Amino acid sequence: PEIRRYREEGRLLEYHQNLTRKHGLIYLFSLGPYPRLTIQEPEFLVDILSRNSADYFSKPNDLGFRLKPIIGLHNLLVSNGREHSRARAG
């Protein structure tokens with residue numbers, strides 16, 4: 001209910017800022033039945049986005065759906081696996 005209220009008021013970024021202040025740079029929250037792990041810790045992001053770790057981490061399926069109109073689907077931010085490795089090399 002809280003995240004819905006923030007979204008309806010156009011304050012979703014504030015919601016995440018509050019979670020970061022309360023829990024730090026790594027926190028778990030839920031979007032209905034879908035848990036989301038948010039990682040903002042630079043050292044962990046380097047591991048997650050590195051070429052050697054691409055097969056161990058995947059982005060949410062709906063991330064591409066939401067960002068496709070803005071950045072397309074074939075890029076480092078939303079791709080997984082081989083596509084992710086290709087985007088890193090290009």
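Modeller: Contact means heavy atoms within 4.5 Å. Leaving aside neighbours within four places in sequence, His-16 is in contact with Tyr-27 and Phe-29. This is a predicted model, in which local features need pLDDT of at least 70, side-chain atom pairs count only at pLDDT 80 or more, and totals for chains, interfaces and linings use all residues. Residues are numbered from 1 along each chain as its sequence is written, and side-chain values use heavy atoms, with hydrogens and water left out.

Biologist: Where is the place of His-16?

Modeller: Helices (H or I, at least four residues) and strands (E, at least two) are DSSP runs, numbered from the N terminus. His-16 lies in helix H2, residues 12-23.

Biologist: What joins the side chains of His-16 and Tyr-27?

Modeller: A polar contact is a pair of N or O atoms within 3.5 Å; within protein, one must be able to donate a hydrogen and the other to accept it, and residues adjacent in sequence count only if both atoms are side-chain atoms. Here such a contact, of 2.9 Å, links the two side chains of His-16 and Tyr-27.

Biologist: Which residues form the largest nonpolar core?

Modeller: A nonpolar core is a set of buried (under 20% relative accessible area, 1.4 Å probe, protein chains only) Ala, Val, Leu, Ile, Met, Phe, Trp, Tyr and Cys residues joined through side-chain atoms within 4.5 Å. The largest one has six residues: Ile-3, Tyr-6, Tyr-15, Leu-19, Tyr-27 and Phe-29. Helix H1 (2-8), H2 and strand S1 (26-31) each give two or more residues to this core.

Definitions and conventions: Buried means under 20% relative accessible area, exposed over 50%, partly exposed in between (1.4 Å probe, protein chains only).
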